[in-house]
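Subject: Structure for your review

Dear colleague,

Please find the structure below, followed by an account of what was found in it.

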Amino acid sequence: MKRLRHPVIRAATALVGAALSAGCLGTSPGVALYTMSGVSAAPITSETAKLALGVGPIRVPRYLDRPELVTRPGGSTSRLEVDDFSRWAGGFSSNVLSALGENLGARLGTQRVVVYPGEAAFPLDYRVAVDFLAFEGVGGDALVLRANWVIRAPGSEAGPWSGQSAIRSAIANAGREGLVAAHNEALDRLADAIASRIADIERNRARGAAPGDSSPE
């Protein structure tokens with residue numbers, strides 16, 4: 001005798017098969033990858049065009065040193081939000097180093113820039129290290145960067161020279177693109193402060209004077 005399949009089981013099997021065929025099960029949003037980049041800017045002086053610069057190492061808070069974009073809700077001092085579907089291509093620290101090095105080279109008018117952990121094929125005039133205390137979007141409308149930085153002249157008894165920067169960059173456009181653009185702007189402003197300090201050091205060296213420490217931005 002021919003066995004009949006139960007109509008409920010037959011109907012359920014048909015529904016599952018249709019869902020799988022349509023790709024309705026197990027789907028999730030795609031991961032978007034972002035990179036920081038240097039902001040095009042004119043050199044602040046022509047006197048630094050022959051300088052050789054090493055950028056890094058840098059230090060960032062551990063909560064930022066991850067692939068995912070991290071933001072802080074407005075008014076919160078203890079809560080962070082991690083976006084699993086928006087990530088830094090190559091990692092956060094690598095992006096910061098690359099963009100900062102590009103910006104410093106542009107502001108000093110030199111192409112002789114090596115980014116940590118790369119080794120320079122030429123003697124370095126200066127090496128820049130940065131300790132980031134904060135570097136995240138806050139409340140969806142601004143990005144806050146706070147950093148201490150040190151400039152050293154390898155092989156020289158001069159220096160080191162230190163400075164601090166506190167930067168607030170507006171997030172002009174909604175979405176992650178606006179947040180990434182704010183990162184780029186903040187790094188450009190940080191590079192401007194550091195490059196201006198290096199230019200001052202060079203001018204004081206030419207006059208034979210000893211420059212003092214810089215003040216916060």
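How many of the 217 residues of the protein chain, as a percentage, count as buried? The proportion is 40%, where buried means under 20% relative accessible area, computed with a 1.4 Å probe on protein chains only.

The model is predicted, so please read the details accordingly: local features need pLDDT of at least 70, side-chain atom pairs count only at pLDDT 80 or more, and totals for chains, interfaces and linings use all residues. Residues are numbered from 1 along each chain as its sequence is written, and side-chain values use heavy atoms, leaving out hydrogens and water.

The protein chain contains three helices and eight strands, taken as DSSP runs of at least four residues (H or I) and at least two residues (E) respectively, numbered from the N terminus. Their order from the N terminus is α-β-β-β-β-α-β-β-β-β-α.

Among contacts (heavy atoms within 4.5 Å) with a separation of 6 or more, 68% join residues 24 or more positions apart.

Strands pair if DSSP finds at least two bridges between them. E6 (residues 126-138) pairs with E7 (residues 142-152) in the antiparallel sense over 11 bridges, with Val128 opposite Ile151 in E7. These two strands form a hairpin with three residues between them, and Gly139 in the turn has a positive phi of about 70°. E7 is also joined to E8 (residues 161-170) by 10 bridges, again antiparallel; here Leu143 stands opposite Ser169 in E8.

With kind regards

How values were computed. Buried means under 20% relative accessible area, exposed over 50%, partly exposed in between (1.4 Å probe, protein chains only).
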